[in-house]
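Let's take a walk through this structure together, one piece at a time. Have the sequence and the 3D view at hand as you read.

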Amino acid sequence: MNLEQLLKSYQKQSQSAPNEEKISQTVQTAKQSLYSAWQETMLSCDEFLWIQLKLIQKRWWFLQFLLLCFAGAILASSWEESHIQRGMAVCSTLFSILTIPEFWKNRSSQSMEIEKTAYYSLRHIYAARMLLFGIADALLLTLFCGMAILGFHFPFERLLIQFLLPMIVTSAICFGTLGSRQKMTEASALALSVLWSALWLLITLNERVYAAVTLPVWVGILGMSLLFWCLAVSRTLNSCQEYWETAE
């Protein structure tokens, strides 16, 4: 028997059928090891929120605080009712506009490709920012409304109509523009918000229209505005993965 025949004979003897059970166990062990290593390096929800909090530029919250202080000064002034209405409408619109730069960061920096490769997607980032801005703005607005009602004895229904209602609509416009499938820019959101502010001033400064609308109607309009805001926020979260980057 020559060497070639010996090698073929050895090859036949050394061949063995694969054990499917052992292969499955090996795969499962590898998956568990990979998952354990991933869990050790993965950020928790609290850590992710904390990082997003540090990334948010606090100057926008500071500007919102200064804006509410200015609105409080308007309420404390001896201006005529029409001037107070104008001031409150402008302040409420600006309060929502100040959130635009932070929510447009990912679009303006064209970071979609990077975020699609990360565990926390753009949807998670927007949800975290909305939560953080919601907490901060809710605190600021609670302090402002308490000061206006208790400190300046400003009627709640007037505060509801002249400040909270236009603020909610402006915020809905901002989120609706951000969630649009069209290539809308920050300037577009700003222009639409200013246009809404001008329209709102025309409505509230028309005494016949303003006096004809009763409180239940205003509350109904506020409810529809909240519904519109919720739909705009939901659309932003659901469509943010479809944003397309544009070349500079």
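We'll begin with helix H11, whose buried residues are Ala189, Ser193, Trp196, Ser197, Trp200, Leu201 and Thr204. Here, buried means under 20% relative accessible area, exposed means over 50%, and partly exposed is in between, using a 1.4 Å probe and protein chains only. Helices (H or I, at least four residues) and strands (E, at least two) are DSSP runs, numbered from the N terminus. Looking down the axis of H11, you'd find its buried residues within an arc of 140°, so they line one face of the helix. That arc is taken from the directions from the helix axis to the C-beta atoms. On the other side of H11, Ala187, Leu195 and Leu202 are exposed.

A word on what you're looking at: this is a predicted model, where local features need pLDDT of at least 70, side-chain atom pairs count only at pLDDT 80 or more, and totals for chains, interfaces and linings use all residues. Residues are numbered from 1 along each chain as its sequence is written, and side-chain values use heavy atoms, with hydrogens and water left out.

Back to H11. Its 19 residues should span 27 Å at 1.5 Å a residue, and the end C-alpha atoms are 27 Å apart, which agrees. The expected span is 1.5 Å times one less than the number of residues in the helix.

Rings of Phe, Tyr and Trp (its six-membered ring) pair if their centres lie within 6.5 Å; planes under 30 degrees apart count as stacked, over 60 as edge-to-face and the rest as tilted. Both tryptophans, Trp196 and Trp200, sit in H11 (residues 186-204), 4 residues apart, about one turn of the helix. An α-helix has 3.6 residues a turn, so residues three or four places apart point the same way. Trp196 counts as buried at 15% relative accessibility, and Trp200 is buried at 4%.

Leaving aside residues up to four places away in sequence, Ser193 touches Thr93, Ile97, Thr170, Ile173 and Cys174; a contact means heavy atoms within 4.5 Å.

Now step over to helix H4 (residues 59-76). At 1.5 Å a residue, its 18 residues should span 26 Å, and its end C-alpha atoms are 25 Å apart, which agrees. Buried in H4 are Trp60, Trp61, Gln64, Leu67, Leu68, Ala71, Gly72, Ile74 and Leu75. Down the axis of H4, these buried residues fall within an arc of 155°, so they line one face of the helix. They pack against helices H3 (45-55), H5 (81-97), H6 (100-103), H9 (122-151) and H10 (156-178). Trp61 also belongs to a cluster linked by ring pairs, along with Phe103, Tyr126, Phe133, Phe175 and Trp229.

Next comes the inside. A nonpolar core is a set of buried Ala, Val, Leu, Ile, Met, Phe, Trp, Tyr and Cys residues joined through side-chain atoms within 4.5 Å. The largest one has 33 residues, of which Met88, Phe144, Leu159 and Phe163 touch the most other members. H4, H5, H9, H10, H11 and helix H13 (215-239) each supply at least two residues of this core, and its largest share, 10 residues, comes from H10. Not counting residues up to four places away in sequence, Met88 touches Ala71, Leu75, Phe144, Leu159, Gln162 and Phe163. There's also a second, separate core of 19 residues, which includes Met130, Cys174, Phe175 and Leu237.

How far apart in space are Asn238 and Arg123? They are 7.4 Å apart, C-alpha to C-alpha, although 115 residues apart in sequence. Asn238 is found in H13 and is partly exposed, at 46% relative accessible area. His124, in H9, is partly exposed at 36%. His124 and Leu237 are 113 residues apart in sequence and 8.4 Å apart in space, C-alpha to C-alpha.

Finally, zoom out. The protein chain comes to 13 helices and 0 strands, and 37% of its 248 residues count as buried.
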